[in-house]
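Biologist: I am new to this structure and would like to go through it with you. Could you put it on the screen?

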Amino acid sequence: MSKTISGFSKLSKSKKIEWLVNTHFSKKETARQILEQYWNSDTKLQQLHDEFIENTISNYYLPFGVAPNFLINDKLYTIPMAIEESSVVAAASKSAKFWLQRGGFKTMVLSTTKIGQVHFMYFGNYETLKSYFTYIKPKLIEDVKPITKNMENRGGGIMDIELRDKTKDIKGYFQLHVSFETLDAMGANFINSCLEQFAKTFKDNALLYETFSEEEKQIQIVMSILSNYVPDCLVRAEVSCKIEDLNEDDAISPDEFAAKFIQAVTIAEVEPYRAVTHNKGIMNGIDAVVLATGNDFRAVEAGVHAYASRNGTYSSLTHAKIEDGMFYFWMEIPLALGTVGGLTGLHPLVKLSLELLDNPSAKELMQIVAVAGLSQNFAALRSLTTTGIQKGHMKMHLMNILNQFQATDQEKAIIIDYFKTHTVSHNEVVNVLQNLRVKN
Ligand code: MEV
């Protein structure tokens, strides 16, 4: 049977599923049942999800958890997290509690500028292009007024437009490099709409600019799009305490713990293989909150990792130091987030997440998300430099293994109890479960 189809998007949901199960699955009824099992019985809610994307045939669930006890700038938060990895919410909660007793997290938004670019080709005289840019700049701003009016009334809008000469990289390549302030909106649609209007005004008016030669009038627009690299949309999160207050663990002294922790961070600062995993752990916390609050985690990921390589080598996002008997641990990261627009007003769980966070501004959300990342890295490094990661990780993973083997509630209770005093490994869990089943 052919696996190609035309007009798929125009089919009804049930026809799409029919084609899918008939074309791709041997156990057709099982496939259909799995897809339908995740439909929501609330038809309005289901329709909302159906209409988020094209060709929706089911819903894909992720666990939605919360991590309480986050003290951020003296305000307490319970942070919502959407994530599948067993240990992330537990790690966040543990870190939150640890720092709650040590003054909490301190955060600050350092900047909020976002960037968009019109990429174009021009093969004439640069001085003439510069004079055209100076002439057309007020009209560029004027022509986007219908788009920017509301944003400007609230204090945002276009901050600047620069002409950038990129001909050293590509012959004839120039940019309009535009900075934006989008306030509580992530701003992707706003920025892209402005850029597309800039491109049109810029190209059309070039045809009428008399100083240009006939050839110079033919500006070629390549594309107009926001940048997800936002090194000037930065937030800082920090924790600190006296070294002696650092540890609750008798197995390692606070001094030794602080020293090992700083070594671990320093390794991630200089060693890309480690830095990627170190930062991945940070993103465990960040993505979970970004997702729960309806923001674009791909944009955040791309921007954060580009920032981690800004000095030419991929490096740690977090830093740590000891100074005058104090331990400091901090991070500065770029986060372009929104608390209005996009999914924020549409998805009921996103709305609930934002309400849980006291309906934060985008700036407040940047700080909360940064804290989720810093706390996750603290928990990871704390485990890695003391007990090792697997102890806590496998403990959290225990339930997944039990579910994989369809353990009953009674079996689960016995085995969880057993592993309170034994090290969890996949093999060991299977052994214990099998023994239990043989006995019964
Ligand atoms: C696992 O998801 C994240 C860690 O690997 C992060 C780290 O190594 O720092 C534990």
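Biologist: Among contacts in the chain between residues at least 6 apart in sequence, what percentage join residues at least 24 apart?
Modeller: That share is 70%. Please keep in mind that this is a predicted model.

Biologist: How many helices and strands does the secondary structure of the chain come to?
Modeller: There are 15 helices and ten strands.

Biologist: And what does the C-alpha trace span along its principal axes?
Modeller: The C-alpha trace spans about 90 × 70 × 40 Å. The chain has 440 residues, and buried ones make up 45% of them.

Biologist: Which side chains place a polar atom at 2.7 Å from an oxygen atom of the ligand?
Modeller: Arg274 has a polar side-chain atom at 2.7 Å from a ligand oxygen, and Lys280 likewise has one at 2.7 Å from an oxygen atom of the ligand. For Asn284, a polar side-chain atom lies 2.9 Å from a ligand oxygen.

Biologist: How much of the ligand does the protein bury?
Modeller: Taken alone, the ligand exposes 300 Å², and the protein buries 83% of that area.

Biologist: Which pocket does the ligand take up, by size?
Modeller: The ligand takes the space of the second largest pocket.

Biologist: A different residue now. Where does Asn279 lie?
Modeller: Asn279 lies in helix 9, which covers residues 272–292.

Biologist: Is Asn279 buried or exposed?
Modeller: Asn279 is buried.

Biologist: Why does Asn279 count as buried?
Modeller: Asn279 counts as buried because its relative accessible area is 0%, and the cut-off for a buried residue is under 20%.

Biologist: Which residues does Asn279 touch, not counting those up to four places away in sequence?
Modeller: Asn279 touches His305, Ala308, Tyr314, Ser315, Ser316 and Leu317.

Terms used:
Residues are numbered from 1 along each chain as its sequence is written. This is a predicted model: local features need pLDDT of at least 70, side-chain atom pairs count only at pLDDT 80 or more; totals for chains, interfaces and linings use all residues. Side-chain values use heavy atoms; hydrogens and water are left out. Helices (H or I, at least four residues) and strands (E, at least two) are DSSP runs, numbered from the N terminus. Buried means under 20% relative accessible area, exposed over 50%, partly exposed in between (1.4 Å probe, protein chains only). Contact means heavy atoms within 4.5 Å. A polar contact is a pair of N or O atoms within 3.5 Å; within protein, one must be able to donate a hydrogen and the other to accept it, and residues adjacent in sequence count only if both atoms are side-chain atoms. Accessible areas come from the Shrake-Rupley method with a 1.4 Å probe; for residues, only the protein chains shown count as cover. On a 1 Å grid over the protein atoms alone, a cavity is a set of points where a 1.4 Å probe fits but cannot get out, and a pocket is an open set with protein on both sides within 12 Å along at least five of seven lines; lining residues have an atom within 4 Å of a point. A molecule sits in a cavity or pocket if more than half of its atoms lie within 2 Å of its grid points.
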